[in-house]
Amino acid sequence: MALPKTKEEALLQMRLIWFAFLMSIPLYIYAAAMTNFTWLNFRNARTIFDVLGILDLLYFAWIRISWFPRAVEAAQKHSEDIRAVRRWMVVWTILVSIAESEALFGVCLQTGNEALKPALPFYVLASLLLLTLWPRQIWSPRIIATKS
């Protein structure tokens with residue numbers, strides 16, 4: 001995708017990316033179910049992926065709390081400055097990518113031991129995180145004055 005030139009174009013691109021990431025989770029589940037090899041044959045595999053998932057969630061929370069509000073505020077204050085809007089878009093893309101990595105941990109677990117049950121919490125968490133990231137219009141719409 002090309003860099004957005006307007007704030008409306010940035011919002012449209014973000015919504016397209018959001019939809020693609022959300023729809024990829026069922027595809028991950030299907031692809032992992034169709035794989036027919038096991039590779040997680042070491043004892044602590046599940047524990048390792050659980051720890052990675054928790055660390056990923058903490059990283060998501062840290063970015064959501066520290067970076068995201070500043071990017072939103074800058075985009076709201078300077079909504080006509082495309083660089084501020086792009087910064088908001090970049091931080092949002094980082095958050096969406098981190099949420100998607102939760103689903104990828106589920107794919108690893110599901111392909112590693114051919115069971116959906118241990119991977120299901122990762123898929124659910126990724127879906128919930130993605131649902132909280134729906135790109136909303138953060139600037140106030142222009143009000144066009146009409147002559148009466």
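What follows is a walk through the fold, core, salt bridges and surface of this predicted model.

A few ground rules come with the model: local features need pLDDT of at least 70, side-chain atom pairs count only at pLDDT 80 or more, and totals for chains, interfaces and linings use all residues. Residues are numbered from 1 along each chain as its sequence is written, and side-chain values use heavy atoms, with hydrogens and water left out.

The protein turns out to be helical, with five helices and zero strands (DSSP runs numbered from the N terminus, with helices being H or I of at least four residues and strands E of at least two). Read from the N terminus, the order is simply α-α-α-α-α. The C-alpha atoms fill a box of roughly 75 × 30 × 25 Å along the principal axes. The radius of gyration, taken over C-alpha atoms, is 19 Å, while a compact globule of 148 residues would come in near 15 Å (the globule rule being 2.2 Å times the number of residues to the power 0.38).

As for burial, 39% of the 148 residues count as buried (under 20% relative accessible area, with exposed meaning over 50% and partly exposed in between, for a 1.4 Å probe and protein chains only). The largest nonpolar core has 39 residues; such a core is a set of buried Ala, Val, Leu, Ile, Met, Phe, Trp, Tyr and Cys residues joined through side-chain atoms within 4.5 Å. Helix 1 (7-34), helix 2, helix 3 (68-77), helix 4 (82-113) and helix 5 (120-131) each put in at least two residues, and helix 4 gives the most, with 13. Among the residues with the most contacts inside the core are Phe 60, Trp 92 and Leu 133. Leu 133 itself touches Trp 18, Phe 60, Arg 64, Trp 92, Leu 95 and Val 96, leaving aside residues up to four places away in sequence.

Four salt bridges show up across the whole structure (a side-chain nitrogen of Lys or Arg within 4 Å of a carboxyl oxygen of Asp or Glu). One of them pairs Lys 7 with Glu 80, with the closest N and O atoms 3.0 Å apart. Lys 7 sits in helix 1 and Glu 80 in the loop between helix 3 and helix 4, so this pair ties together parts 73 residues apart in sequence. Lys 7 is buried at 8% relative accessibility, whereas Glu 80 is exposed at 56%. Within helix 2, Asp 50 and Arg 46 form a bridge at 3.2 Å, N to O; the two are four residues apart, about one turn of the helix. Arg 83 and Asp 81 also meet, at 3.8 Å, with Arg 83 exposed at 63% and Asp 81 partly exposed at 30%.

Phe 42, Ile 48, Val 51, Leu 52, Ile 54, Leu 55 and Leu 58 make a nonpolar surface patch of about 630 Å². Patch residues have over 30% relative accessible area and no salt bridge, with like charges joined within 9 Å and nonpolar side chains (Val, Leu, Ile, Met, Phe, Trp, Tyr) within 5 Å. Leu 55 belongs to helix 2 (residues 45-66), as Ile 65 lies in helix 2. Ile 65 is exposed at 66% relative accessibility.

Notes. Areas by Shrake-Rupley, 256 points an atom, 1.4 Å probe, with all protein chains shown as cover. Contact = heavy atoms within 4.5 Å.
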